[in-house]
Amino acid sequence: MTSEQFLKLLTSVHTWKRRQERRAPYKPLLLLLALGRLRQGCPRLRLYRDIESELRKLLIGFGPPRKAYHPEQPFQRLPNDGLWELHGLSPTHLDASGQLRARSARDSELKGGFPAEIQAFLIAHPFELRQAVQYLLNDNFPESIHADLLEAVNLGEILLPAAKREENALLSTRSRDPRFCPNVILAYRRQCAICGYDIRLQDQLMGLEAAHIFWHASGGPDEVPNGLALCTVHRKAFDRGGIGLGDNLELMVSSVLQGRSEAWEIWFGRFAGRSIRQPHQFRDLPNLKYLQWHRSQVFRGLE
């Protein structure tokens with residue numbers, strides 16, 4: 001196994017997001033979970049029943065909102081990409097359509113993990129391991145939630161140094177327009193579109209960011225109608241699905257975004273149902289199709 005061979009496998013993992021404009025980070029989340037365990041020195045193969053609950057939590061916390069979550073699906077399908085293998089799989093685990101039955105897998109000794117060659121390669125090449133983590137993050141999630149996800153999979157501060165990230169073309173699967181952030185912030189008069197935050201230090205903005213509505217990692221464009229100027233608190237809540245926007249730009253607060261302190265009312269409660277601040281130019285208003293994408297693929301819902 002060479003670095004080129006490994007990176008080719010990694011960047012060829014099949015997901016649906018590009019074709020259907022739907023988020024499908026199921027395999028990337030399983031890979032990140034496995035990379036976290038590898039870095040902790042855990043055994044290569046792991047029982048499905050031990051992976052299931054952890055992967056389900058990741059799907060709920062970082063995957064698209066769904067009525068039901070199926071961690072058995074990436075567990076079964078990832079071997080097709082050459083980065084995973086199953087031990088103990090038998091016809092009794094499968095339904096009539098060939099899909100893995102979660103209960104059967106849970107009640108058996110079915111195991112999964114990296115193939116031995118890839119496990120050995122990653123142990124011997126820590127830089128490539130970090131590179132794989134950075135690629136999976138960049139290609140599936142906005143930067144604002146990378147740290148949360150790394151903590152969830154026990155990868156901590158594994159990210160490549162900024163200089164190394166810039167050197168590796170692999171880590172930027174889609175080029176970014178450097179004008180996106182300043183143009184979005186300027187369009188919203190250098191204020192958070194929700195709360196109006198505009199704190200500066202010697203005229204340098206602190207804690208104001210440009211968020212993609214339709215995530216760049218999922219194919220969203222770098223254009224102002226796909227952006228919002230948000231403070232760091234509202235940016236994190238928006239990217240995690242705690243808040244969303246209706247077609248009339250009214251703020252929607254998910255029922256899963258909760259708090260008992262005064263801070264919840266200050267940051268979220270008092271803005272619920274109210275329209276956000278609009279950009280200076282009508283042409284820069286958020287595009288309805290991007291808002292609809294965010295509601296279906298990110299926002300956690302009202303009930």
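Mentor: Happy to. A salt bridge here means that a side-chain nitrogen of Lys or Arg lies within 4 Å of a carboxyl oxygen of Asp or Glu. Side chains of opposite charge can pair when their charged atoms come close. Keep in mind that this is a predicted model. Searching the whole structure turns up 13 salt bridges.

Let's begin with Asp81 and Lys27, whose side chains meet in a salt bridge with an N to O distance of 2.8 Å. Asp81 sits in the loop between helix H5 (72-77) and strand S2 (85-87), while Lys27 belongs to helix H3, so this pair ties together parts that are 54 residues apart in sequence. Asp81 counts as buried because its relative accessible area is 13%, under the 20% limit for that class. Lys27 is buried too, with a relative accessible area of 11%.

Now move to Glu209 and Arg235, whose side chains form a salt bridge at 3.0 Å, N to O. Glu209 is found in strand S6 and Arg235 in helix H12 (residues 232-239), so the pair ties together parts that are 26 residues apart in sequence. Glu209 is partly exposed at 26% relative accessible area, whereas Arg235, at 11%, is buried. Salt bridges with shared partners also join Glu52, Arg56 and Arg106 into one network.

Another pair to look at is Asp177 with Arg179, where the closest N and O atoms are 3.0 Å apart. Asp177 is partly exposed, with a relative accessible area of 23%. Arg179 is exposed because its value is 54%, and exposed begins over 50%.

Next come the empty spaces. Rolling a probe the size of a water molecule over the atoms shows where empty space is left. Across the whole structure, two cavities of 30 Å³ or more are found.

Helix H1 (3-11), H3 and helix H8 (126-138) are the elements that give two or more residues here. By class, that lining has nine nonpolar residues, with no polar and no charged ones.

Finally, the surface. Ile199, Leu201 and Met206 make a nonpolar surface patch of about 280 Å². Met206 lies in the loop between strand S5 (204-205) and strand S6 (208-212), and S6 is the strand that holds Glu209. At 39% relative accessible area, Met206 is partly exposed. Ala152, in helix H9 (residues 146-152), is also partly exposed, at 37%. Its C-alpha atom is 27 Å from that of Glu262, a residue 110 positions away along the chain.

How values were computed. Residues numbered from 1 in each chain as written. Predicted model: local features only at pLDDT ≥ 70, side-chain atom pairs only at ≥ 80, totals over all residues. Heavy atoms only, no water. 1 Å grid on protein atoms, 1.4 Å probe; cavity = no way out; pocket = protein on both sides within 12 Å on 5 of 7 lines; lining within 4 Å. Points joined across faces, edges and corners; volume = space filled by probe spheres on them. Helix = DSSP H or I, 4+ residues; strand = E, 2+ residues; numbered from the N terminus. Nonpolar A, V, L, I, M, F, W, Y, C, P; charged D, E, K, R; others polar. Patch = residues over 30% accessible without salt bridge, like charges linked within 9 Å, V, L, I, M, F, W, Y side chains within 5 Å. Areas by Shrake-Rupley, 256 points an atom, 1.4 Å probe, with all protein chains shown as cover. Buried < 20%, exposed > 50% of the residue type's maximum accessible area, 1.4 Å probe, protein only.
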